[in-house]
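Trainee: I am new to this structure. Could we go through it together?
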Amino acid sequence: MGGDPVSIGRRVAYLRVRRRLSQQSFADRLGKSKSWVDKVERGVRSLERVSTIREVAAVLRVDPAALLGRDAQPAGVAECREGVARIRAALSAYPMAVRRPTDQPVMSPERLAREVWQAWMTYQYARYPRLVELLPALVTEVHRVDTQEPAAGREAVVEVYRVTAALLVKLGEENLAWLAADRAMSAAAGDKVLLACAAVQLGQVLRPSAGTRMVLLAAAAQITPETPQELSLCGSLLVQAALTAAVAGDDRASTDLLAEAAELAARVGDGRDHHRTAFGPTAVELARVIAAVELGDGPQAVARHRKAIERDGWRWLPVEHRAAHLIDAARGYLHINDPGNAARLLVRADSIAPAEIRHRPWAGTSSPRPPATRTPHPRSPSSPSTSGGCKHGGPPRMGSGSSGLAYW
């Protein structure tokens, strides 16, 4: 009896914790033993009888379909999908290619800057349905700006494409997110800082791609990390490269890159949000949790998570960042076969950023992906350390052996 591939036991655990029921009290209401509940939640025992599923659903006060993953679509998801279609239509326009004049005046630089700021704030507070409403008009506006005043509006163009890519990744629209990130990279070409900003989002979108790490490190190599802004950009690119390495199973490279990012983060400190990166020591610690999850090291992920959320910098991170981390940490708990604590983290994420759970296609389930195969990869002598700066050498030629992206 299947709806989606997520274990019904994990749904039971999540819904039980959301109802604030212990395993014992839940078992008492069902007339079952605590051991029975534990086995169901861990997937050791299956729920196959319709009558039992109905009893469980009744205690949890949900429709049986919610346990089976059928038609359990949160309110607003359909509207969000319609909004994504409008974003797709806006991104599909290419007015800058023909440079056609228009009688409609563009926004003033001041107003456009406010609109871009509002879009980023909406994203960082995880108000994704609202951002879906804002972006189609904003994308259309920066297209007009790029057509009429390309030099003056360049930064706004890049930032709008960045926040669009960031949102679309959250909504599971990977192909459309790649288009937005690629547009940001193209618009930023020739400007080292803007290119680095765009590359941060590219790393999020193309994390599983083999050639992405080269692009990220090449972008980092363009930046001289001296100011807090430059340190944040360089460090964020190292973090993204480290996570790309973790997805590829390259434990050594991931560890080394995160260590280098930590050195830069120490010079920035927590509580900063330069270039919308939220980069700092705590952000690097959270990245280490993600890396451990991707590498299949559940115990390390859980241990690092517990320490990270005790840091002062945790409460200074954007709501979106904290909620996304809780989902990542929940995957860590699932790796150690602890659905109860995984469910608690999902409930906590839902309490601080409901859209992070309800509008991300996989977040409510937090189904763990198979761990990457570890392939230790000692640093080549020709690849100098980035300690004290981003020194990964000049930008590489992106040939057929890479992702095929070329921005230099």
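This is a predicted model: local features need pLDDT of at least 70, side-chain atom pairs count only at pLDDT 80 or more; totals for chains, interfaces and linings use all residues.

Trainee: How far apart in space are Lys39 and Gly9?
Mentor: Their C-alpha atoms are 8.3 Å apart, while the two residues are 30 residues apart in sequence.

Trainee: Now the helices. At what angle do α1 and α19 pack?
Mentor: Helix α1, residues 8–18, packs against helix α19, residues 339–352, at about 55 degrees, and their axes are 8 Å apart. The two helices are therefore oblique to each other. The crossing of α1 past α19 is right-handed.

Trainee: Which residues meet there?
Mentor: From α1, they are Ala13, Tyr14, Arg16, Val17 and Arg18; from α19, they are Pro339, Gly340, Ala343, Arg344, Leu346, Val347 and Asp350. By class, this contact has 7 nonpolar, 1 polar and 4 charged residues.

Trainee: And the whole chain: how many helices and strands has it?
Mentor: The protein chain has 20 helices and 0 strands. Of its 408 residues, 52% count as buried.

Trainee: What is its accessible surface?
Mentor: The accessible surface of the protein chain comes to about 18400 Å², and carbon and sulfur atoms account for 49% of that.

How values were computed: Residues are numbered from 1 along each chain as its sequence is written. Side-chain values use heavy atoms; hydrogens and water are left out. Axes are lines fitted to C-alpha atoms, for helices over the stretch in contact, and angles run from 0 to 180 degrees between N-to-C directions. Helices (H or I, at least four residues) and strands (E, at least two) are DSSP runs, numbered from the N terminus. Angles under 35 degrees count as roughly parallel, over 145 as roughly antiparallel, 65 to 115 as roughly perpendicular and the rest as oblique. A crossing is left-handed if the near helix is turned anticlockwise from the far one by less than a right angle, and right-handed if clockwise. Contact means heavy atoms within 4.5 Å. Ala, Val, Leu, Ile, Met, Phe, Trp, Tyr, Cys and Pro count as nonpolar, Asp, Glu, Lys and Arg as charged, and the others, Gly among them, as polar. Buried means under 20% relative accessible area, exposed over 50%, partly exposed in between (1.4 Å probe, protein chains only). Accessible areas come from the Shrake-Rupley method with a 1.4 Å probe; for residues, only the protein chains shown count as cover.
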